[in-house]
Amino acid sequence: RRSDKERDSHSARRLTRQQLSLHSPEGNRAEMTTAAAAATMRLSSPFKAPPLRPPCHRVLPSMRVPRRAGLAVSASAAGSPPTVLVTGAGGRTGQIVYKKLKERADQFVARGLVRTPDSKGKIGGGDDVFIGDIRDPGSIAPAIDGIDALIILTSGVPKMKPGFDPSKGGRPEFYFEEGSDPEQVDWIGQKNQIDAAKSIGVKQIVLVGSMGGTDINHPLNKLGNGNILVWKRKAEQYLADSGVPYTIIRAGGLQDKDGGVRELIVGKDDEILKTETKTIARADVAEVCIQALLFEEAKFKAFDLASKPEGEGTPTTDFKSVFAQIATRF
């Protein structure tokens, strides 16, 4: 057994070792590590912060950057209206867009691109109307040069095969002229326009397509076996991936009626096609194309567009709110 003296001596030595360890470098590190851990535990955990607000369908990743003014507002601040090129300006919707831009000379400098001299004559034949073939990048370069925005309204157009007699019943057959099929016009032709516009630093591209692109078996794809909606969708995806600010408008059935007298409806993924309101006046599509240039809320958006029948609802005038409610990028 140890004597009382031996036990006291042993306890003193143990106490001395503990004191030394606390003042040694190793002891300091241990002490600091323990203190740091305790301090860390006292910090507010990021998971205990006030809960974030639920995601808002009006906020897009692209809109988290500092907001810019609409194209026309920005150009006005710079001292001159923006130059806007409408391709397919000889078509029924393109003519309306070109005319509306000309009527708003204080906001825009209008240009048109058509395929033939006859089409140029249809819209006045002015020096601001260019003739070119969207399948040939070189031929559209003069029209693209110097523009601020591009509105694409080109589309392949099927033709009815001769010999159809409605009195005999049945359905007409359609075909596309050689070299003018949807792959050449709605894909390659639109890709050429997007590439040319991007190369000169265009500020925005508005592309008008069609609803129905989510359904490979849609009747429009069967016209002339052209798969027109497939190729349109491919061009839309190319634009969305281009990095250029864009607005993709997928219009419902186009009607030759007056615009500005109906309430517009926007949707996504062809949901509108399941309703009774799946048509829209060409004049309303034309107006939306131009309004898209005026509001930042229209950029990096893709949506389906139709309208209620005339007399139902309230005619749309607040386009900023229309664009703001759209959350789909493609």
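The structure is a predicted model, in which local features need pLDDT of at least 70 and side-chain atom pairs count only at pLDDT 80 or more, while totals for chains, interfaces and linings use all residues. Residues are numbered from 1 along each chain as its sequence is written, and side-chain values use heavy atoms, with hydrogens and water left out.

The chain contains 11 helices and 12 strands; helices (H or I, at least four residues) and strands (E, at least two) are DSSP runs, numbered from the N terminus. Of its 330 residues, 40% count as buried. Here buried means under 20% relative accessible area, exposed means over 50%, and partly exposed lies in between, with a 1.4 Å probe and protein chains only. The accessible surface of the chain comes to about 18,800 Å², and 53% of this belongs to carbon and sulfur atoms. Such areas come from the Shrake-Rupley method with a 1.4 Å probe, and for residues only the protein chains shown count as cover. Among the contacts in the chain with a separation of 6 or more, 76% are between residues 24 or more positions apart; a contact means heavy atoms within 4.5 Å.

Strand β1 (residues 83-87) is largely enclosed by the rest of the structure, because five of its five residues are buried. Thr-83, Leu-85 and Thr-87 point one way from β1, Val-84 and Val-86 point the other way, and all are buried. β1 pairs with β2 in the parallel sense over five bridges, where two strands pair if DSSP finds at least two bridges between them. Within this pairing, Val-109 in β2 is the bridge partner of Thr-83.

Strand β2 also holds Leu-113. This residue counts as buried because its relative accessibility is 3%. With neighbours within four places in sequence left aside, the contacts of Leu-113 include Leu-85, Val-86 and Thr-87, as well as Phe-130, Ile-131 and Ala-143. Leu-113 and Ile-131 are 18 residues apart along the chain, yet their C-alpha atoms are separated by 5.7 Å.

Strand β8 (residues 246-251) is likewise mostly covered, with six of its six residues buried. On one side stand Tyr-246, Ile-248 and Arg-250, and on the other Thr-247, Ile-249 and Ala-251. β8 pairs in the parallel sense with strand β7 (residues 204-210) over six bridges, and with strand β12 (residues 301-307) over five bridges. Ile-248 illustrates both pairings: Leu-207 stands opposite Ile-248, and Ala-302 is the bridge partner of Ile-248 in β12.

Attention now turns to a helix. In α10, 10 of the 10 residues are buried; among them are Arg-282, Asp-284, Glu-287 and Cys-289. Gln-291 lies in this helix, which spans residues 282-291. It is buried because its relative accessible area is 11%. Not counting residues up to four places away in sequence, Gln-291 touches Arg-104, Phe-319 and Phe-323.

The largest pocket holds about 1,400 Å³ of space. Of the 47 residues that line this pocket, the closest to its centre are Leu-153, Thr-154, Ser-155, Gly-156 and Val-157. The elements that give two or more residues to the lining include β2, β7 and α10, while α4 gives the most, with four residues. By type, the lining residues divide into 19 nonpolar, 18 polar and 10 charged.

These terms rest on set rules. On a 1 Å grid over the protein atoms alone, a pocket is an open set of points where a 1.4 Å probe fits, with protein on both sides within 12 Å along at least five of seven lines; lining residues have an atom within 4 Å of a point. Grid points are joined across faces, edges and corners, and a volume is the space filled by probe spheres set on the points. Ala, Val, Leu, Ile, Met, Phe, Trp, Tyr, Cys and Pro count as nonpolar, Asp, Glu, Lys and Arg as charged, and the others, Gly among them, as polar.

Asn-227, in the loop between α8 (219-222) and α9, has a positive phi of about 50 degrees although it is not a glycine. Asn-227 counts as partly exposed because its relative accessible area is 32%. Asp-269, in the loop between β10 (264-267) and β11 (279-281), is also a residue other than glycine with a positive phi, near 55 degrees. Its relative accessible area is 42%, so Asp-269 is partly exposed.
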